[in-house]
Amino acid sequence: MTTVGDFLIERLSQWGVTRIFGYPGDGINGVFGAMRRAPDKIEFVQCRHEEMAAFMASAHAKFTGELGVCIATSGPGASHLITGLYDARMDHMPVLAITGQQARTALGGHYQQELDLVSMFKDVAGAFVHQATAPSQVRHLVDRAVRTALGERRVTALILPNDLQEMPYEEPARAHGTVHSGVGFSRPRVLPYETDLQRAADVLNAGKKVAMLVGAGALTASDQVQAVAEKLGAGVAKALLGKAVLPDALPWVTGSIGLLGTEASYKLMTECDTLLMIGSGFPYSEFLPKEGQARGVQIDLSPDMLSLRYPMEVNLVGDAAETLTALLPLLTPTTDRKWQSKVERWRGDSDKQLRKRALVSADAINPQRVVYELSSQLPDAAIITSDSGSCANWYARDLQIRVGMMCSLSGGLASMGAAVPYAIAAKFAHPQRPVIALVGDGAMQMNNMAELITVAKYWKQWGNGKWVCAVFNNQDLNQVTWEQRVMEGDPKFAASQDIPDVPYHLFAISIGLKGIYVEREEDVAGAWEQALSSDVPVLIEFKTDPNVAPLPPHIKLTQAKKFAGALLAGDPDEVGIIKQTAKQIVSSVLPGRGKGA
């Protein structure tokens, strides 16, 4: 007998699904029984928490371009998925969530673990969310959920009552009121009309100082982005999700933009006369040109993202690679390289500034140095993930990406707790590639420590143990602490910001991984070398200084006043803050200042 659960697994396999992340429970037992009966169809990855499973599904989609799938039981299992699913939704990733539900005869009876899951998922999976009621309905529900997720790059959800999962599967009858769906989806070629491409080319050709901003939508268009930049003599800034679009070795690539960005990217935007934005939903308009300063062209697959951050003159709905390929012949090569040379000088100045800041001494370790030392040691084809928080500042500014590398983080949602599940999903998807996760101690305590157990459970089947988790241990919820000071003018609220000192490296050792503890700056480079050469997954714990400010590329007067007000109001870390901020600023303005300053 083929059950509904058996059909579901077979159908997902026909759609090309090879891996599902999740956690079991009695509300979804029928599907798990089907997975057991079909061991060669789909691999199940048991996470420690359903939220982490959803993050892994989102990361799988990011690092493969495929559908990410997560599964959970009814009630709390389903509700635990929500945060990770919102991560996928905010970053336009195709993810399918499959959850159990109580028996159909119990629904509406205030039954144990009975939640209105359709309503609960309606926002995060609004593109398609349905609860099955009959075996013959499951075929078209699966097909539509998968096709919608892939075609619209959205989150979808399928809810299966537990009694339905064990019932014999029935094909839909040839009768009125039935639906007969099929498997298969090919991505279309999405390309603007030639007249619109010419309009865009006219704007870009007229520009004397062209700035480009690339995001995740340009990750598959690296060659075209580089060709356009070289033809127009442009500078290119990268949104966080577009960090891997271009290698940082290109001298006119200014790095990240925004609060986590570089001075070069800030100047690029404030002085350009033309803006070309490609596949980016970068949210902070104050870091783009002033309205009216620059003529704009934007390329995006989603019409609702066009002209959203800056009023563009030409809006092109299209795939980045296809659109740029069609646009390139219409662009006039510039012979004037003054603008690009200026951008390259800004980039050089930013590199020097970041290096000096990274090498300033701190108590105990300057967190910038952790990423600065990693950058030069990154193995070829490495995959790097970052958590949200202050570590994302160092990931954004100090990590230099080379050709062939991949990297990502929770972008639109900016959720804590994504780095380790992202890194696990990356290793499952690309087991031969080295993977490095950069994580703050707040996220480790919140949920990432538990997922190290997942690493311990599975790493031997990956084929190699090149998996490293770097923890920035500063006993402070550091990003929020600095936001309180700079944005609100409030001193640090120790009751909300101080967190316990946990020996993360010892926990790793206790579960069979390798642990390294680093508390001296002169040991940082050697510790990275040791971790990256290990054949066993490593947790490397850096004791970092919370008083090293994640300085933005441009400090506004209002921010400076609020920062000063926070100190005058009696910040508990006042002495350390003044000391470290002075060192960072001095290293930026005085030549030759750096290590030991």
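**Definitions set against values in a predicted model**

Biologist: What are the helix and strand contents over residues 3-120, and how far apart are the end C-alpha atoms?

Modeller: Over residues 3-120 the chain is 45% helix and 17% strand, with the end C-alpha atoms 27 Å apart, where helices (H or I, at least four residues) and strands (E, at least two) are DSSP runs numbered from the N terminus. An unreviewed UniProt entry annotates residues 3-120 as "domain: Thiamine pyrophosphate enzyme N-terminal TPP-binding"; UniProt positions follow the numbering used here, feature names are shortened, and annotations may be inferred rather than shown by experiment. This is a predicted model, in which local features need pLDDT of at least 70 and side-chain atom pairs count only at pLDDT 80 or more, while totals for chains, interfaces and linings use all residues. Residues are numbered from 1 along each chain as its sequence is written, and side-chain values use heavy atoms, with hydrogens and water left out.

Biologist: What makes Cys70 count as buried?

Modeller: Buried means under 20% relative accessible area, exposed over 50%, and partly exposed in between (1.4 Å probe, protein chains only). Cys70 has 0% relative accessibility and therefore counts as buried, and Cys391, at 2%, counts as buried too.

Biologist: Why is helix 9 called roughly perpendicular to helix 12?

Modeller: Helix 9 (residues 194-206) and helix 12 (residues 320-327) pack at an angle of about 70 degrees, with their axes 10 Å apart. That makes helix 9 roughly perpendicular to helix 12, because angles of 65 to 115 degrees count as roughly perpendicular, those under 35 as roughly parallel, those over 145 as roughly antiparallel and the rest as oblique. The axes are lines fitted to C-alpha atoms, for helices over the stretch in contact, and the angles run from 0 to 180 degrees between N-to-C directions. Leu197, Ala200, Ala201 and Leu204 in helix 9 meet Thr323, Ala326 and Leu327 in helix 12, contact meaning heavy atoms within 4.5 Å.

Biologist: Which angle and axis distance describe the packing of helix 10 and helix 12?

Modeller: Helix 10 (residues 222-232) packs with helix 12 at an angle of about 35 degrees, their axes being 9 Å apart. The contact is made by Gln224, Val225 and Val228 of helix 10 and by Ala321, Leu324 and Thr325 of helix 12.

Biologist: What makes Ser307 partly exposed, and where does Ser307 lie?

Modeller: Ser307 has 31% relative accessibility and therefore counts as partly exposed, and its place is in the loop between strand 11 (295-300) and strand 12 (314-317). Its phi is near 55 degrees, a positive value in a residue other than glycine. Most residues other than glycine have a negative phi, and most peptide bonds are trans. Ala381, found in the loop between helix 14 and strand 13 (383-386), has a positive phi of about 65 degrees although it is not a glycine, and at 28% relative accessibility Ala381 counts as partly exposed.

Biologist: What is the omega of the peptide bond that joins Asp363 and Ala364?

Modeller: Omega is about 0 degrees, and the bond joining Asp363 and Ala364 is a cis peptide bond; Ala364 lies in the loop between helix 13 (338-359) and helix 14 (367-377).
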